[in-house]
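Please read them with the structure open.

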Amino acid sequence: MKTLHDEIASYGQIVLVLQGGGALGAYQVGVYQALAEAGIAPDWVVGTSIGAINAALIAGGCASSALGRLSEFWKRIEHGRTIDSFIPAIFAATARNMMAITSGVPNFYRPNTPAFMNAKASLGAENAGYYSVTPLAETLADLVDFNQINTGPIRLTVGASNVRTSEMTYFDSRDMTLDLRHIMASGALPPAFPAVRIGEDLFWDGGILSNTPVEVVFDDNPRKNGMVFAVHLWNPHGDEPQTIGDVMNRLKDVQYSSRAASHIKRQRQLHKLRHIIAEMSALLPDEARASLKQRGLTGYGCTTRMHVIRLLAPALDHEDQAKDVDFSREGIRQRWEAGYRHTCETLEKAPWRDEVDPTEGFVLHEACAGKLVHTAAAD
């Protein structure tokens with residue numbers, strides 16, 4: 001009997017793309033849990049920032065223990081439990097977030113006192129941040145098996161920003177040996193966290209340049225058919241802000257949604273063009289087609305197709321612009337459960353079964369808070 005994994009795998013490689021977003025990343029754990037329970041195992045995991053951390057936890061060990069590693073990581077970085085017991089919910093979120101800012105988050109980061117005391121203090125390039133992430137390095141070293149990442153069946157790609165060149169860099173286990181530095185670099189968001197040196201270069205959080213690293217999948221060489229689960233933590237859609245708090249909250253959504261709509265529009269156009277080139281090449285006489293192939297022109301044609309299922313995390317009650325540092329037990333629980341619920345609902349709808357134009361190379365299935373919004377092909 002054909003399983004759901006077999007059905008999805010028949011569309012090509014299975015890719016899981018995880019956006020950056022701090023504490024919002026608990027939503028991704030729920031997404032992974034739903035996929036795992038449905039028997040859907042990714043061939044390739046791509047992440048930036050907290051997405052890179054979750055991706056490393058998924059790829060860094062055997063598949064049967066991935067959810068356990070994710071659960072253990074998020075359990076270790078919970079904070080603010082005592083606040084929830086005696087402060088009303090409407091005020092507790094603000095109090096927890098202030099605690100995370102002033103005293104750090106257990107097993108994740110702690111204040112770098114000299115940085116707070118003097119902004120001009122000479123700290124060194126690899127220590128110039130308001131917080132030390134030594135606790136995170138120790139946590140990941142304990143939970144992630146990098147030998148498995150580099151030799152196991154799941155391809156891992158994490159994105160980081162080159163401080164010197166302002167260019168996006170993707171570290172890929174297919175092409176190089178990955179270690180703890182690559183994961184730490186992907187999550188080194190300034191000015192909170194210091195840059196990470198790899199070779200001669202310093203790297204910051206990939207979210208500075210591309211917080212939604214799905215383009216590395218679209219531009220992969222060679223291109224392959226695939227089913228891409230793209231998990232977005234910052235909603236590109238939102239209401240008009242009415243207060244300064246609303247403005248700050250919406251600003252983060254706009255900034256870190258990372259021009260997802262324009263990236264998708266561009267990729268849909270490119271994939272449509274590749275299909276058109278491939279079809280036109282097929283109509284040419286053999287001699288003309290051979291000439292184009294010799295000149296390397298037929299390579300621009302491609303008949304691959306990617307189905308992209310975009311899952312959008314919801315907003316929680318009482319959240320504000322500091323929502324990405326809400327590592328409270330309740331915040332983690334709510335986001336985790338939302339990711340699980342939304343993914344289960346989307347898998348049940350199975351939007352990839354909808355009929356599409358055979359010339360399309362990019363098909364988008366957008367799910368917002370678990371509701372399938374639309375299935376769309378290129379414009």
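**Notes on the predicted model**

1. Ser49 sits in the loop that runs between strand E2 (44-48) and H3. The model is a predicted one, and in it Ser49 has a positive phi of about 60° although it is not a glycine. With a relative accessibility of 13%, Ser49 falls under the 20% limit and therefore counts as buried.

2. Ser166 also deserves a look: its phi is near 60°, a positive value in a residue other than glycine. Ser166 belongs to the loop between strand E5 (155-162) and strand E6 (168-172). Its relative accessibility is 54%, so Ser166 counts as exposed. For context, most residues other than glycine have a negative phi, and most peptide bonds are trans.

3. The bond from Pro190 to Pro191 is cis, with omega near 0°; Pro191 lies in the loop between helix H10 (180-186) and strand E7 (196-198). Asn221 and Pro222 are likewise joined by a cis peptide bond, with omega about 0°. Pro222 is placed in the loop between helix H12 (215-218) and strand E9 (226-232).

4. How do helices H4 and H8 pack? The axes of H4 (residues 66-76) and H8 (residues 134-143) come within 11 Å and cross at roughly 155°. That angle is over 145 degrees, so the two helices are roughly antiparallel to each other. Their crossing is right-handed. On the H4 side the contact is made by Arg69, Glu72, Phe73 and Arg76, and on the H8 side by Leu136, Thr139, Leu140, Asp142 and Leu143. Sorted by class, these are four nonpolar, one polar and four charged residues.

5. The largest nonpolar core has 73 residues. Those with the most contacts inside it are Leu16, Phe73, Trp74, Phe108, Tyr109, Leu156 and Phe229. Helix H3 (residues 50-59) gives the most to this core, with eight residues.

6. Leaving aside residues up to four places away in sequence, Trp74 touches Gly22, Ala23, Gly25, Ala26, Val29, Ile50, Asn54, Phe327 and Ile332. A second, separate core has 15 residues, among them Val214, Val216, Phe218 and Met306.

7. Ala350 is found in the loop between helix H16 (329-349) and strand E11 (362-368). Its relative accessibility is 2%, so Ala350 counts as buried. Between Ala350 and Ile8 there are 342 residues of sequence separation, yet their C-alpha atoms are 9.5 Å apart in space.

Terms used:
Residues are numbered from 1 along each chain as its sequence is written. This is a predicted model: local features need pLDDT of at least 70, side-chain atom pairs count only at pLDDT 80 or more; totals for chains, interfaces and linings use all residues. Side-chain values use heavy atoms; hydrogens and water are left out. Helices (H or I, at least four residues) and strands (E, at least two) are DSSP runs, numbered from the N terminus. Buried means under 20% relative accessible area, exposed over 50%, partly exposed in between (1.4 Å probe, protein chains only). Axes are lines fitted to C-alpha atoms, for helices over the stretch in contact, and angles run from 0 to 180 degrees between N-to-C directions. Angles under 35 degrees count as roughly parallel, over 145 as roughly antiparallel, 65 to 115 as roughly perpendicular and the rest as oblique. A crossing is left-handed if the near helix is turned anticlockwise from the far one by less than a right angle, and right-handed if clockwise. Contact means heavy atoms within 4.5 Å. Ala, Val, Leu, Ile, Met, Phe, Trp, Tyr, Cys and Pro count as nonpolar, Asp, Glu, Lys and Arg as charged, and the others, Gly among them, as polar. A nonpolar core is a set of buried Ala, Val, Leu, Ile, Met, Phe, Trp, Tyr and Cys residues joined through side-chain atoms within 4.5 Å.
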